[in-house]
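Open the model in your viewer and keep the sequence panel beside it. We will go from one selection to the next and look at what is there.

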Amino acid sequence: MQAWSNKDERQYEHIKESQLDSGGSQRKAAEVAARTVNKRRRLEGRTANRRTMGTGNPRAPLEERTKDELYNLAEDHDIRGRSRMNKNQLITALRRSGASTM
């Protein structure tokens, strides 16, 4: 993961100062500023959203992957109804689609 750029640092300080000027606590101002900068970085694709990115180790059995990894793999295989499936249902659907041979 890349470190913040100078622009990110400036944005962080600006948001933090704005929060403090509005009467927020030092801790809350720092949290709001960091979350805002990190969200912008994530939306620009400069940092990964750990929960929703990736499909796991391709050599790992489907049962050893997280539900989020299985969901992303199902999305890659255009499996319909994946958002309503639990982990076991995702595994079954992926096997039917041939994803277990990856």
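Which residues does Glu63 touch, not counting residues up to four places away in sequence? Select Glu63 and show its surroundings: Lys87, Ile91 and Arg95 are the residues it touches on that count, where contact means heavy atoms within 4.5 Å. We will come back to this spot after a look at the whole chain.

**Before you zoom in**

This is a predicted model, so local features here need pLDDT of at least 70 and side-chain atom pairs count only at pLDDT 80 or more, while totals for chains, interfaces and linings use all residues. Residues are numbered from 1 along each chain as its sequence is written, and side-chain values use heavy atoms, with hydrogens and water left out.

Color the protein by pLDDT, the predictor's confidence in each residue, from 0 to 100. The average over the protein is 88, and 89% of the residues score at least 70. Helix H1 (residues 6–21) has the highest confidence, at a mean of 96, and helix H3 (residues 67–76) the lowest, at 89. Where pLDDT is low, the predicted coordinates should not be read in detail.

Now switch to cartoon. You will find 4 helices and 0 strands, in the order α-α-α-α from the N terminus on. Helices (H or I, at least four residues) and strands (E, at least two) are DSSP runs, numbered from the N terminus. The protein has 102 residues, and 24% of them count as buried; buried means under 20% relative accessible area, exposed over 50%, and partly exposed in between (1.4 Å probe, protein chains only). Among contacts between residues at least 6 apart in sequence, 32% join residues at least 24 apart.

**Stop 1: H1 against H2**

Axes are lines fitted to C-alpha atoms, for helices over the stretch in contact, and angles run from 0 to 180 degrees between N-to-C directions. The crossing of H1 with H2 is right-handed; a crossing is left-handed if the near helix is turned anticlockwise from the far one by less than a right angle, and right-handed if clockwise.

Show side chains in the contact. On the H1 side, the residues include Tyr12, Ile15 and Leu20, and on the H2 side they include Ala30, Val37 and Arg41. By class, this contact has 9 nonpolar, 4 polar and 5 charged residues. Here Ala, Val, Leu, Ile, Met, Phe, Trp, Tyr, Cys and Pro count as nonpolar, Asp, Glu, Lys and Arg as charged, and the others, Gly among them, as polar.

Center on Leu20, which sits in H1 and is partly exposed at 25% relative accessible area. Leaving out residues up to four places away in sequence, Leu20 touches Ser25, Gln26 and Ala29.

**Stop 2: H3 against H4**

Next, select H3 and helix H4 (residues 87–97), whose axes come within 10 Å and cross at roughly 35 degrees. This crossing is left-handed. H3 brings Lys67, Leu70, Tyr71, Leu73 and Ala74 to the contact, and H4 brings Lys87, Leu90, Ile91 and Leu94. Those residues divide into 7 nonpolar, no polar and 2 charged.

Which residues form the largest nonpolar core? Select Leu62, Leu70, Leu73, Ala74, Ile79, Met85, Leu90, Ile91, Ala93, Leu94 and Ala99, 11 residues in total. A nonpolar core is a set of buried Ala, Val, Leu, Ile, Met, Phe, Trp, Tyr and Cys residues joined through side-chain atoms within 4.5 Å. H3 and H4 are the elements that give two or more residues to this core, and H4 gives the most, with 4. Pick out Ala93 to see it touch Ile79 and Met85, not counting residues up to four places away in sequence.

**Stop 3**

Glu63 is partly exposed, with a relative accessible area of 41%. From its C-alpha to that of Asn88 is 8.2 Å, across 25 residues of sequence.

Finish at Asp78, in the loop between H3 and H4. Asp78 is exposed at 64% relative accessible area, and has a positive phi of about 55 degrees although it is not a glycine. Most residues other than glycine have a negative phi.
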